[in-house]
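This briefing is meant for a reader meeting the structure for the first time. Please keep the sequence and the 3D view at hand while going through the points that follow.

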Amino acid sequence: MNSIATKTLTAAKTNLLGLDPANMREYFVELGEPAYRGTQMVKWLHQQRIIDFQQMTNFSQSLRARLADIATVWIPKVISRQLSQDGTCKWLLQLNAGNCIETVYIPEKDRGTLCVSSQVGCALNCSFCATGAQGFNRDLSVAEIIAQVWIAKQEFKVTNVVLMGMGEPLLNFANVVDALNLMLDDNAYGLSKYRVTLSTSGIVPAMKQLAKVSEVALAVSLHAPNDELRNELVPINKKYPLKELMNVCRDYFVDSKRKITMEYVMLAGVNDTQQHAQQLVRLLQGVPAKVNLIPFNPYQFARYQCSTPEAIAAFQSILAAGGLTTIVRRPRGDDIAAACGQLAGDFQDRTKRRQRNMATWSEEQA
Ligand code: SAH
Ligand code: SF4
């Protein structure tokens, strides 16, 4: 395999923003520098937020000049920034030509949560999700993932990160793990492993892998208590059915105090009856889990409606009676389409799914 440093001498400049702490140290070692220079670079970029090599005063003039020749620090351009009435902020970021993604910051009394995207669109096609309906273009690079934190930190205090923006993070495994390493590293963002949450639709083999390499918190997009309904709502369930998914969840954390957050979107008349709630209690027996009920957020062409507040309350009380800690997520930033499942970005769909969805929608309206 080519070393990182040789690659940079022969190819385009390396974007240093995309190197996690271990790779950054290796990069400097390959330049003939001590490994701690890599740690210093991580601090400059992510902690001090200095991206101009000339201002990196603990590097010699010659190292700064050399870096300018072979490396760069590239940050996506902010195309638009919208502030919601409730203080939620949404950025539209320009990646390469034609590809834009969205990132959302949600301020709360005791925390500031950043919702980060991991792909341009999503290749999965959950039937209630705006991102899914938009189709898929490509994975984000490490730099493109971590830049979202970099940009948000310019304005806000980020205490929590959730990988709940556009995309299925576990289908972009290596890049997501490197970005997680930067989020947790004390020389970069220094976030607690309890305050960084990866949300997945349930890519079972990748979940097993993740448990081995990262200690971040885990959320699973469950949304249905049986395979028949889940196949319809979260089609990846056909590949990784509930039995397999629950097995991996049962053993996921070594620390018996840690729980997985089960996300459950509330769809009127679809998955919100008392029978569904009872089934859910049975399904989660013996699984270290808490439940997060998410009122469905509408978007253009959506084919569902949100459950009534009464149905949500009834559902919640059945779960509570079954011994499950359950909270109802309050929609945030819905006036700027920044709530869960509303992120769509702006990109060319390579799956033709968007076209098909539009066609189905026009037929339904006719
Ligand atoms: N692909 C990952 C992470 C991104 S989706 C996953 O599916 O887990 C983040 C969360 O928002 C998921 O729980 C997802 O199911 C939920 N979501 C998607 N569309 C939604 C909508 N229209 N309303 C409410 N929540 C939605
Ligand atoms: Fe993809 Fe998650 Fe949306 Fe499903 S819910 S389409 S996995 S982003």
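His223 sits in the loop that runs between strand E11 and helix H9, and in this predicted model the residue has a positive phi of about 65° although it is not a glycine. With a relative accessible area of 4%, His223 is buried.

**Other positive phi angles**

- Phe301 is another residue that is not a glycine and yet has a positive phi, here of about 75°, and its place is in the loop between strand E13, residues 289–295, and helix H12, residues 309–321.
- At a relative accessibility of 27%, Phe301 counts as partly exposed, whereas His223 is buried.
- A positive phi of about 90° is also taken by Gly32, which comes just after helix H2.

**Helix H10 and its surroundings**

- Helix H10 covers residues 242–250, and its buried residues are Leu242, Leu245, Met246, Val248 and Cys249.
- Because these buried residues fall within an arc of 160° when H10 is seen down its axis, they line one face of the helix.
- An α-helix has 3.6 residues a turn, so residues three or four places apart point the same way.
- The cover over the buried residues of H10 includes helices H8 (204–213), H9 (227–233) and H11 (274–283), together with strands E11 (217–221) and E12 (260–266).
- Leu242, which is found in H10, is buried with a relative accessible area of 4%.
- Residues up to four places away in sequence aside, Leu242 touches Leu222, Ala224, Pro225, Asn226, Asp227, Arg230, Asn237 and Leu283.
- Leu242 and Glu228 are 14 residues apart along the chain, and their C-alpha atoms are separated by 10.0 Å.

- Met262 has its place in strand E12 and, at 1% relative accessibility, counts as buried.
- When neighbours within four places in sequence are left aside, the contacts of Met262 include Met246 and Cys249, both of which are among the buried residues of H10.
- Further contacts of Met262 are made with Val220, Leu222, Leu284, Val287, Ala289, Lys290, Val291 and Asn292.
- From C-alpha to C-alpha, Met262 lies 8.3 Å from Leu293, a residue that is 31 residues apart from it in sequence.
- Ala289 lies in strand E13 and is buried, with a relative accessible area of 6%.
- Not counting residues up to four places away in sequence, Ala289 touches Met262, and also Lys259, Ile260, Leu284 and Leu324.
- The C-alpha atoms of Ala289 and Ala219 are separated by 9.3 Å, although the two residues are 70 residues apart along the chain.

**Helix H2**

- In helix H2, which covers residues 21–30, the buried residues are Pro21, Met24, Tyr27 and Phe28.
- These residues cover an arc of only 120° around the axis, and therefore they are on the same side of H2.

- At 61% relative accessibility, Lys77 counts as exposed.
- Its contacts, with neighbours within four places in sequence left aside, are with Leu92, Leu93 and Gln94.
- Between the C-alpha atoms of Lys77 and Ile151, which are 74 residues apart along the chain, the separation is 9.4 Å.

**The chain as a whole**

- The protein chain contains 13 helices and 14 strands, and its C-alpha trace spans about 70 × 50 × 40 Å along the principal axes.
- A compact globule of 366 residues would have a radius of gyration near 21 Å, and because the chain has 21 Å, the two agree.
- Of the 366 residues in the protein chain, 54% are buried.
- When contacts between residues at least 6 apart in sequence are considered, 66% of them join residues at least 24 apart.
- The accessible surface of the chain comes to about 16500 Å², and 50% of that surface belongs to carbon and sulfur atoms.
- The chain has 39 positive and 33 negative charges, and the mean positions of these two groups are 3 Å apart.

Notes. Residues are numbered from 1 along each chain as its sequence is written. Chains are lettered from A and ligands numbered from 1 in the order in which they are written. This is a predicted model: local features need pLDDT of at least 70, side-chain atom pairs count only at pLDDT 80 or more; totals for chains, interfaces and linings use all residues. Side-chain values use heavy atoms; hydrogens and water are left out. Helices (H or I, at least four residues) and strands (E, at least two) are DSSP runs, numbered from the N terminus. The radius of gyration is taken over C-alpha atoms; the globule rule is 2.2 Å times the number of residues to the power 0.38. Buried means under 20% relative accessible area, exposed over 50%, partly exposed in between (1.4 Å probe, protein chains only). Contact means heavy atoms within 4.5 Å. Accessible areas come from the Shrake-Rupley method with a 1.4 Å probe; for residues, only the protein chains shown count as cover. Lys and Arg count as positive and Asp and Glu as negative; His and the chain ends are not counted. The place of a charge is taken as NZ of Lys, CZ of Arg, CG of Asp or CD of Glu. The arc is that of the directions from the helix axis to the C-beta atoms.
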